[in-house]
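Please look at the sequence and the structure below. The paragraphs that follow lead through the model one part at a time.

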Amino acid sequence: MKRVILLFAIVAAISCACNKNVDPEDKSVNIYGNKIIIDATQRGDVLPNIADNVNVWDMGKLYYHPQKNEEADVFEFVRYVQFMQCTGGNTERDLFRRPTDRSVLDDYNFEPLITNCRGVLKMGAKPHLKLGSVPLKLTTNPVTGTFGTNIYPPDDYNQYYTYIKAVIQALVDEFGVEEVRTWRFGCMTEYENFDWFKAKSGLGSDSFEAYCKLYDYTVQALVDVLGPNVFVGAHSMTCTEGGWDEAKFIEHCASGSNYANGGKGTPIKFLASSFYDVCPGTFASGHDLPGSIKVLKDAASKAGLSGVIFGVDEGRILSGLRSGKSSKDLYNRTTGYTWQAAYDARLYKQGIDNGLDYFSTWNFLTGGNISGYPIISYHVARNIAKFEGMYKVKTDVGIEALDDSEVDCLAATDGATVRVMVYNFKNKINYARRFNYGMQIKLPFDAKKVQITRYLVNDDCNFFDDWLADWEELGITTSDFSWSPDDPLLDMTVTLSNSAAIRQYKTKRDKYIECSRLTPVTEEADVVAGVLTLGAEKIEASNVLFLEIKPL
């Protein structure tokens with residue numbers, strides 16, 4: 001596969017390096033005049049932990065009895081676990097003992113939600129609860145949509161308010177009001193997506209009104225239990241067009257008539273979107289990530305909303321290049337190729353540069369977020385999370401990009417440490433061009449020498465190339481997978497599904513665990529007149545390099 005270097009750097013030169021699927025760009029070009037120059041004395045915005053959210057499609061019993069993964073603790077950097085549609089929409093999600101019995105509306109069963117929230121807290125994170133969909137028995141003639149949940153509004157919004165209030169009160173009774181006030185809440189998923197929610201008429205105008213009502217009554221229930229400062233928001237598609245304009249909802253929250261209490265506006269603390277590219281090699285046909293963020297920020301600004309944060313509540317890549325028996329979809333919405341590392345680094349930098357506070361991920365380990373061993377995305381997320389609380393610093397990337405390749409850099413400091421990320425990306429799995437470059441960093445501290453720790457995210461910390469190389473020996477074929485074989489979650493049967501293939505995989509699983517380890521390398525370097533110069537750097541195709549620089 002490839003290597004991705006995250007570096008404050010001077011980038012210059014290209015050369016190809018790919019141990020599979022050699023790219024026609026296989027040639028060497030050195031442009032040593034290209035540089036990355038970093039001035040860590042010029043500070044900008046404070047950076048978030050952009051990788052601090054993960055999302056869960058169906059909570060089930062996933063967090064009933066979680067144990068820390070001592071080898072790869074995702075919760076070292078993950079702060080919030082999003083449970084999608086965790087209060088209703090089908091018989092498994094509805095928090096009732098008899099979900100289809102309309103003769104009784106208070107036969108609550110909150111234990112599944114309570115137990116999963118307890119598990120999240122045990123892992124050191126906080127729940128982010130996507131309240132919805134509407135339970136089956138609160139809607140006459142409910143219709144199940146594409147995602148397996150009721151897409152229609154409640155018959156009686158007051159009854160829905162009563163239900164949501166009971167949910168929140170049960171959480172307070174279990175965990176205490178002060179604890180639950182530290183959690184995050186949402187109302188539905190992709191609210192303008194008709195596959196998730198719409199009025200029975202099917203009209204955009206009616207669906208907009210129905211969602212505003214649902215949001216207002218949901219927030220009122222939260223406020224009545226937790227108080228006015230509850231952290232609640234909403235998640236739209238935005239990257240592609242929905243059934244109605246999300247800007248109308250944002251305006252409603254800012255100054256519209258509140259359907260639940262008759263007042264002006266409705267509290268909202270975050271605005272999130274989805275963001276998906278189509279597949280490796282094909283970007284989204286709608287808004288790119290900066291464009292999606294801009295839509296939400298512009299709408300909030302126009303409506304006069306302030307004090308909100310912006311996030312991506314789900315995303316990355318919809319489909320792989322190869323299909324399993326049932327689907328070409330990527331179960332984890334990521335690939336296992338080292339190319340994914342540079343893709344992630346680019347996405348994180350785009351988000352940070354455009355004011356994004358978080359980008360939620362599905363899973364970072366081969367078995368989810370609790371069990372398994374690291375996929376390549378884990379190493380990028382774990383290292384970008386270390387930038388949290390640091391000041392972004394001035395970075396000039398003077399690199400001649402060729403043939404749609406991108407070499408870029410992010411750098412930050414807290415005054416005592418400088419961190420740098422450098423990546424080499426092209427939207428092509430078998431991309432093979434290497435860049436040689438130099439780097440100069442004006443340091444924010446006095447030192448004659450520094451210690452540099454390098455975290456290079458490349459094939460050497462990715463098991464996936466070794467797994468692919470073993471297919472012939474193990475007798476693995478694409479028919480052994482349910483969804484795309486390009487997905488790295490080998491410990492999930494939606495990916496690797498054939499029982500004989502799973503047994504074969506397990507014979508080499510210990511090897512793959514070893515191949516997934518990232519081993520940092522430490523060196524010392526001289527500082528001259530406050531400037532650190534790294535003159536002979538290189539970054540292979542699809543590699544990401546992280547640098548940690550401290551005074552000695």
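A place to begin is Tyr63, which lies in the loop between β4 and β5, the latter covering residues 80–83. The model is a predicted one. Is Tyr63 buried or exposed? A residue counts as buried when its relative accessible area is under 20%. Tyr63 has a relative accessibility of 1%, so it counts as buried. Leaving out residues up to four places away in sequence, Tyr63 touches Val56, Phe75, Val81, Phe83, Thr115, Asn116, Gly119, Val120, Met123, Asn369 and Ile370. Met84 is 21 residues from Tyr63 along the chain, and the C-alpha atoms of the two are separated by 14 Å.

Phe77 is also found in the loop between β4 and β5. At 3% relative accessibility, Phe77 counts as buried. With residues up to four places away in sequence not counted, the residues that Phe77 touches are Asn49, Ala51, Asp52, Phe364, Tyr378, Ala381, Arg382 and Ala385. From Phe77 to Asp107 there are 30 residues in sequence, and from C-alpha to C-alpha the pair is 38 Å apart in space.

Next comes the sheet to which these two strands belong. Strands of a sheet pair through backbone hydrogen bonds, and the pairing can be parallel or antiparallel. Here eight strands form an open sheet with parallel pairing, in the order β4-β5-β6-β7-β8-β9-β10-β11. Which strands stand at the edges? They are β4 (53–56) and β11 (358–359); each has a single partner strand, so one side of each is left without a neighbour in the sheet. Within this sheet, strand β9 (residues 270–277) and strand β10 (residues 309–317) run parallel and are joined by eight bridges. Asp277, for instance, stands opposite Ile317 in β10. Helix α7 (residues 339–353) packs on the sheet and touches β9, β10 and β11; the direction of α7 makes about 160° with that of β10.

Two other helices can be followed as a pair. The axes of helix α5 (residues 246–255) and helix α6 (residues 289–303) come within 9 Å and cross at roughly 35°. The crossing of α5 past α6 is right-handed. On the α5 side the contact is made by Glu246, Ala247, Ile250, Glu251 and Ala254, and on the α6 side by Val295, Leu296, Ala299, Ala300 and Ala303. Sorted by type, the residues of this contact are eight nonpolar, no polar and two charged.

In soluble globular proteins, nonpolar side chains tend to be buried together. The largest nonpolar core of this model has 135 residues, of which Leu171, Phe185, Tyr211, Phe249 and Trp467 touch the most other members. Which residues does Phe249 touch, not counting residues up to four places away in sequence? They are Tyr191, Phe208, Tyr211, Cys212, Tyr215, Ala234, Trp244 and Ile268. Another core, of 30 residues, lies apart from the largest one and includes Ile399, Val422, Tyr437 and Leu547.

Strand β12 (residues 391–398) runs antiparallel to β13 and is joined to it by two bridges. In that pairing, Tyr391 stands opposite Thr413 in β13. β13 also pairs with strand β14 (residues 418–425), again in the antiparallel sense, over eight bridges. Arg419 in β14 is the bridge partner of Ala412. β13 and β14 form a hairpin with four residues between them, and Gly415 in the turn has a positive phi of about 100°.

The last stop is the backbone at a few particular residues. Most residues other than glycine have a negative phi, and most peptide bonds are trans. The peptide bond from Gly132 to Ser133 is cis, with omega near -5°. Ser133 has its place in the loop between β6 (126–131) and α2 (157–175). Arg333 is not a glycine, yet it has a positive phi of about 60°. Arg333 lies in the loop between β10 and α7, and at 16% relative accessibility it counts as buried. Ala529, not a glycine either, has a positive phi of about 55°. Ala529 is found in the loop between β17 (521–526) and β18 (531–539). Is Ala529 buried or exposed? The cut-off for exposed is over 50%. Ala529 has 80% relative accessibility, so it counts as exposed.

Key: Residues numbered from 1 in each chain as written. Predicted model: local features only at pLDDT ≥ 70, side-chain atom pairs only at ≥ 80, totals over all residues. Heavy atoms only, no water. Axes fitted to C-alpha atoms, helices over the stretch in contact; angles between N-to-C directions. Left-handed = near helix turned anticlockwise from the far one by under 90°. Contact = heavy atoms within 4.5 Å. Nonpolar A, V, L, I, M, F, W, Y, C, P; charged D, E, K, R; others polar. Pairing = 2+ DSSP bridges. Core = buried A, V, L, I, M, F, W, Y, C linked by side-chain atoms within 4.5 Å. Buried < 20%, exposed > 50% of the residue type's maximum accessible area, 1.4 Å probe, protein only.
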